[in-house]
Amino acid sequence: MVQADKRLLKVLEGEALTPPPVWLMRQAGRHLPEYHELRAQARDFLDFCYSPSLATEATLQPIRRYGMDGAILFADILLILDALGRKVAFVEGEGPRVAPLSRASDLQGVAKSAVEARLSPVFETVRRVRAALPPETTLIGFAGSPWTVAIYGIEGRGGTDKSTARMFGYEQPEEMDAVLRILADHTVDYLAEQAKAGADVLMLFESWAEGLPEDAFERWVVAPTRSIVEQLRARGINQPVIGFPRGAGALVVRYAAETGVSAVGLDTAVPTRWANEALPPGLPVQGNLDPLRLMAGGPGLDARVREIRDAFRGRPHIFNLGHGVPQTTPIDHVVRMLQVLREAT
Ligand code: 1CP
């Protein structure tokens, strides 16, 4: 149910608000001292994500500290690979490791009911967060988009140049279609359950949309995303969907026009004025302060926050970063950013 006092939700329904509502990608997590304390209570990161009490607390921490308009569920885009039976590990200081898959059937070894059972603590977290959040705060559920999740599944780790995944797609196009179809179908189940548990908004992280030619972008990014949105709508899941095709460049215009998402997230490199002209009038956008500008602080931060706010005036806009909060971001800079954003204009 749409609640009239949720400003972030209002923007996703097409209202332009001044000041814009705000939250930050990766607002829960490593830049917060209270997160480090909490994190020490679980042996590994997957256990942390699958603990409703710890994940609920991590989701709420930035809301308590900053009064953000949106709370992002504490989880990870790689949980779906874990639930599908791929071995996932988060190695301290090195990032994620995934047992690499070589064919689509590698994703078909686990029964649907077992996938849902494995992910059920995440739905419990959503219910607990929903119950604990102030009524004006919008709860954002999320998943990785199939192409981005497939990259981790195929490459077996983060931090690569993605060439293994791209070659897989070029050399075995039907197999890649099948990988993306399986991931898309499970993502629909996953997001639908988050919505039923109380998520107000659903976000699809396409963190590795960069560097693709248009034909591959269409087949690996646009088509699976459209399939997810269509299947959600067919099931009566009507929560707004924010799509974030990071690094898509000019292809963000096609992404916005063809996927059916309700809003697009803009990464740091997207020129604000260009986006305003190139995207359909009235389409809500989210973004796009450089995370390093936030980390650097000072007068340059104040000026850029005002510039981005003013560039999107008149268009439904959710203020955010162009990517996640860096770990060493000073808390004071986040507080200052919120102050400048919310100043009377
Ligand atoms: O121990 C730790 O604290 C591990 C660090 C960490 C955290 C805090 C990871 C490992 N994941 C998360 C939480 C997380 N991941 C959230 C919820 C918290 C929040 O946003 O406030 C979300 C939404 C994600 C989503 C996610 N995970 C993305 C998409 C967003 C993005 O940054 O592009 C991606 C690509 C991942 C994979 C992942 N998980 C963790 C790391 C270090 C990575 C990136 C690895 C790489 O660079 O390839």
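## Close-up views of the ligand site and a cavity

The space taken by the ligand is the largest pocket. All views show a predicted model.

**View 1. The shell of residues around the ligand.** Around the ligand there are 23 residues, and those that come nearest are Y35, D76, Y152, S207 and H323. Sorted by class, the shell has 14 nonpolar residues, five polar ones and four charged ones.

**View 2. Polar atoms facing oxygen atoms of the ligand.** Y35, one of the nearest residues, places a polar side-chain atom 2.7 Å from a ligand oxygen atom. In A28, a backbone N or O atom is 2.8 Å from an oxygen atom of the ligand. In R26, a polar backbone atom lies 3.0 Å from an oxygen atom of the ligand. On its own, the ligand has 870 Å² of accessible area, and the protein covers 87% of this area.

**View 3. The cavity in the protein.** The count of cavities of 30 Å³ or more comes to one. The volume of the largest cavity is about 30 Å³.

**View 4. The lining of the largest cavity.** Which residues line the largest cavity? They are I77, I80, A143, G144, V149, T187 and Y190. The strand β4 (138–144) and the helix α9 (173–197) each contribute at least two residues to this lining. Five residues of the lining are nonpolar and two are polar, while none is charged. The shell around the ligand, by contrast, includes four charged residues.

Notes. Residues are numbered from 1 along each chain as its sequence is written. This is a predicted model: local features need pLDDT of at least 70, side-chain atom pairs count only at pLDDT 80 or more; totals for chains, interfaces and linings use all residues. Side-chain values use heavy atoms; hydrogens and water are left out. A residue is near a molecule or strand if one of its heavy atoms lies within 4 Å of it. A polar contact is a pair of N or O atoms within 3.5 Å; within protein, one must be able to donate a hydrogen and the other to accept it, and residues adjacent in sequence count only if both atoms are side-chain atoms. Accessible areas come from the Shrake-Rupley method with a 1.4 Å probe; for residues, only the protein chains shown count as cover. On a 1 Å grid over the protein atoms alone, a cavity is a set of points where a 1.4 Å probe fits but cannot get out, and a pocket is an open set with protein on both sides within 12 Å along at least five of seven lines; lining residues have an atom within 4 Å of a point. A molecule sits in a cavity or pocket if more than half of its atoms lie within 2 Å of its grid points. Ala, Val, Leu, Ile, Met, Phe, Trp, Tyr, Cys and Pro count as nonpolar, Asp, Glu, Lys and Arg as charged, and the others, Gly among them, as polar. Grid points are joined across faces, edges and corners, and a volume is the space filled by probe spheres set on the points. Helices (H or I, at least four residues) and strands (E, at least two) are DSSP runs, numbered from the N terminus.
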